[in-house]
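Trainee: I have a new model on my screen and I'd like to learn how to read it. Can we go through it feature by feature?

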Amino acid sequence: MTTGAAISLPTASIRVREGWRLHLGVLGLLAASILLIFHRDAWAMAEIWLGSSTYNHCLLIPPLIAWLVWQRQPELSRLTPAAWAPGLLLVAAGAGGWLLGEAGGVGLARHAGLVLMLQGAVVACLGKAVARGLAFPIFYAVFLIPAGDEIVPMMQTVTAEMCMVLLGLVGIPAHIEGIFITIPSGLFRVAEACAGVKFLVAMVALGALVANVCFLSWRRRILFMAASVVIPVLANGVRAWGTIYIAHLTNADFAGSFDHVVYGGIFFAIVIALLLAVGWPFFDRKVGDPWFDPAALQPIPESGSRTRLAGTAIAGLALAALPITWSAAVARAGEAHPPAVIAFPDVPGWTRVAGREGKPWQPHFAGADRIAIAHYRDASGRAVELAIAVFARQEEGKELVGFGQGAAGPDSGWTWIASAPPPPDGRADRIASLGTLREAATFYRVGGVVTGSEYRVKLETMKARLLGGPQQAVAVLVSAEAPAGSTNPRPVIDAFLAGLGPIAPLADRAAGL
């Protein structure tokens, strides 16, 4: 009996090692195939990590995942990997998410879908027991997704409101309009870089890592994660207030240089150190504590089937390839080209003019196939601009709606201030540039619908790109500058819209429909 046990144990160990090599090899092939199929999105994510300081920390996520897996190696070696077909549901969900993102022109959804497909491949190829043992490393891959820019406008507003509260506490009179703060010594704008999103997304990734590595109690993990979200937001508000306060005491140039030095080199590190110092006494995971109980996850070793593993991998590859094949077929069916020149209409009561005096304005629609602007003037001298942007087909970097798209683009000299009462089937925005106020009414034409809702645009775009049909998308903007002595340009816009008539025929002619 003793001799038999001595022989069977090494034999079982050899079989486990061979099973791990086989399953890891198949997983590597499946993951590489998925990355090859979606190389455009994988490369786009890598470019974002390298090119945007907000997401530079994503470069650390792969080695951190490898380290987390290595930490669990002693427990993992006591598990037997086995293909698990239900894991393909994650691959299917990721493929569906990618297809929705491709259809709606949402890069975030495509990137999240790609990561979910890779996570599903791990679960399907290694099995339920191993996936449970690797639950956190698999989850931690979500921080590879470059997400956060979507909350920049909200964070700008929150930061501005916090600055107002703190300025009131120190007795500095201030007036706020959107993200602009005026104090006796000058005008300040809470810019995108000052919103604190860079700080927040990095702290959330760090907080999740610390919560898993240093805590066993779920209550303590949740509290630490909450602190990792709240503290960066509060700290960024204090930083922005400090910049304004220093500018009030000295000058704007000194305050700006101080902000870059302190925030970039010192402030972030101080906040991290304080957060870790506060959490340190409550760390309840000891060095050497097991990460999980292998016997609880897999009481009886599973017998892995090579046929089942091969079938699972092939099914995963087919699920991943299906959405990109469907998307390409729909795109070819709805392909069209807009006219070479946008023809602007004659509007009763208004005359086309070469241009106008004042601060120049033009909407920003990156990737538009056609974009043009026309200037009109009525008999009383009121001026208005009509701008039209046409997309033959929306895709990455060529979306009708998205960050920076619209009446006030980045680096345009114009900044969004607030929403205005929308016209029928449209939206209206107040924008400003160095004290000059302007309003822009925007109408989107896509999928046979005229709307001012960005969400409706995404929905109609998704329908056209999922089910087929015309792929063209058009933005029509009517904008006017506030007349002297007034802050309300809306009457000029409304008068022009009344003469212009329905938006749909104008948009369709511009798109060549």
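Trainee: Which residues is H111 in contact with, leaving aside its neighbours within four places in sequence?

Mentor: Keep in mind that this is a predicted model. With the sequence neighbours within four places set aside, H111 is in contact with D41, A44, M45, I48, I145 and P146. H111 itself has its place in helix α6.

Trainee: Is H111 buried or exposed?

Mentor: The idea is to check relative accessibility, where under 20% means buried. H111 comes out at 3%, so it counts as buried.

Trainee: How do the axes of α5 and α6 cross?

Mentor: Look at the angle between the two axes. Helix α5 spans residues 88-104 and helix α6 residues 107-126; their axes come within 7 Å and cross at roughly 170°. Angles over 145 degrees count as roughly antiparallel, and therefore α5 is roughly antiparallel to α6.

Trainee: Which residues of α5 and α6 meet?

Mentor: On the α5 side, they include L88, V91, W98 and E102, and among their counterparts in α6 are R110, L116, M117 and V123.

Trainee: What about cores? Which residues have the most contacts inside the largest nonpolar core?

Mentor: Here's the general idea: nonpolar side chains tend to be buried together in soluble globular proteins. In this model the largest nonpolar core has 62 residues, and I34, M117 and Y140 have the most contacts inside it. Helix α10 (residues 197-214) supplies the largest share of this core, with nine residues. Take Y140: not counting residues up to four places away in sequence, it touches I61, L64, I65, L68, A205, L206, A208 and L209. There is also a second, separate core of 28 residues, with A374, F443, I503 and A507 among them.

How values were computed
Residues are numbered from 1 along each chain as its sequence is written. This is a predicted model: local features need pLDDT of at least 70, side-chain atom pairs count only at pLDDT 80 or more; totals for chains, interfaces and linings use all residues. Side-chain values use heavy atoms; hydrogens and water are left out. Axes are lines fitted to C-alpha atoms, for helices over the stretch in contact, and angles run from 0 to 180 degrees between N-to-C directions. Helices (H or I, at least four residues) and strands (E, at least two) are DSSP runs, numbered from the N terminus. Angles under 35 degrees count as roughly parallel, over 145 as roughly antiparallel, 65 to 115 as roughly perpendicular and the rest as oblique. Contact means heavy atoms within 4.5 Å. A nonpolar core is a set of buried Ala, Val, Leu, Ile, Met, Phe, Trp, Tyr and Cys residues joined through side-chain atoms within 4.5 Å. Buried means under 20% relative accessible area, exposed over 50%, partly exposed in between (1.4 Å probe, protein chains only).
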